[in-house]
Amino acid sequence: MPDACYINIGSNQGDRRANIARAVALIADRLDTTPLVSDAVESEPWGYSSDAAYLNVGLLVHVDMSPAILLDTLLDIQHAISPAPHRKPDGTYADRIIDIDLIACGQTVADDILTPAGNRLTLPHPRMHLRPFVLIPMLRLSPQWRHPLSGLTPAGMLDALEH
């Protein structure tokens, strides 16, 4: 049975909806699947200051590939849309045309493994529980999913953020 994997896509530069639509189309094509796509969530930048708000969507895909290969594929798509770095020279986050994050794959736990392309993978995403723009779309697509380490659902993580 293929793993149910959750992906988050964000954009805060240019035509945000078109950038996200392009990423979704490329993911569907490269993974040969039809992803479930959440409604868009608009949010302020997380972890840095910018006047440009983000638009984020969640995707739920079922894939027969390892999370490491999936991450490499997603980052290839991200780079094809925009090769611009996601961090400034000082290490802080930067505005971006597209940002694609692998958030979770079923109940897989991976701690900073190296993918075949040399990317680093931690699952579930280590900051997902701090980001409403990840949790709200995930709640809409996969409300029953439970974090394999905390046991919390997306609603439980959102509730913890609010208290």
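This is a predicted model: local features need pLDDT of at least 70, side-chain atom pairs count only at pLDDT 80 or more; totals for chains, interfaces and linings use all residues.

Residues are numbered from 1 along each chain as its sequence is written, and side-chain values use heavy atoms, with hydrogens and water left out.

**Entry: a cis proline**

I looked up proline 124 and found it in the loop between strand 7 (120-123) and helix 3 (132-141). The peptide bond joining leucine 123 to proline 124 is cis, with omega at about -15°.

**Entry: histidine 86**

Where does histidine 86 sit? I found it in the loop between helix 2 (67-81) and strand 5 (99-105). For burial I used relative accessible area: buried is under 20%, exposed is over 50%, and partly exposed is in between (1.4 Å probe, protein chains only). Histidine 86 has 17%, so I noted it as buried.

Next I checked its polar side-chain atoms. A polar atom of the histidine 86 side chain lies 3.0 Å from the backbone oxygen of isoleucine 98. For contacts I counted heavy atoms within 4.5 Å. Leaving aside neighbours within four places in sequence, histidine 86 touches Gln78, Thr92, Tyr93, Ala94, Arg96, Ile98 and Asp99.

**Entry: salt bridges**

My rule here was a side-chain nitrogen of Lys or Arg within 4 Å of a carboxyl oxygen of Asp or Glu. How many salt bridges does that give? The count is four, and I wrote up some of them.

Arginine 16 pairs with glutamate 42, with the closest N and O atoms 2.7 Å apart. This pair links distant parts of the chain, since arginine 16 is in helix 1 (residues 16-31) and glutamate 42 in strand 3 (residues 41-43), 26 residues apart. Arginine 16 is partly exposed, at 22% relative accessible area.

Arginine 96 and aspartate 99 also meet in a salt bridge, at 3.2 Å from N to O. Arginine 96 and aspartate 99 are both buried.

Arginine 120 and aspartate 112 form another salt bridge, at 3.3 Å from N to O. Arginine 120 is exposed, with 54% relative accessibility, whereas aspartate 112 is partly exposed at 39%.

**Entry: rings**

I paired rings of Phe, Tyr and Trp (its six-membered ring) if their centres lie within 6.5 Å; planes under 30 degrees apart are stacked, over 60 edge-to-face, and the rest tilted. The structure holds one such aromatic pair. Tyrosine 48 and tyrosine 93 have ring centres 6.3 Å apart and planes at 55°, so I logged the pair as tilted. Tyrosine 48 is in the loop between strand 3 and strand 4 (54-63) and tyrosine 93 in the loop between helix 2 and strand 5, so the pair ties together parts 45 residues apart in sequence. Both tyrosine 48 and tyrosine 93 are buried.

**Entry: positive phi**

Which residues other than glycine did I note with a positive phi? Aspartate 32 has phi near 50°, and aspartate 112 has phi near 55°. Aspartate 32 is in the loop between helix 1 and strand 2 (36-37) and is exposed, at 72%. Aspartate 112 belongs to strand 6 (residues 110-114).

Methods. Helices (H or I, at least four residues) and strands (E, at least two) are DSSP runs, numbered from the N terminus. A polar contact is a pair of N or O atoms within 3.5 Å; within protein, one must be able to donate a hydrogen and the other to accept it, and residues adjacent in sequence count only if both atoms are side-chain atoms.
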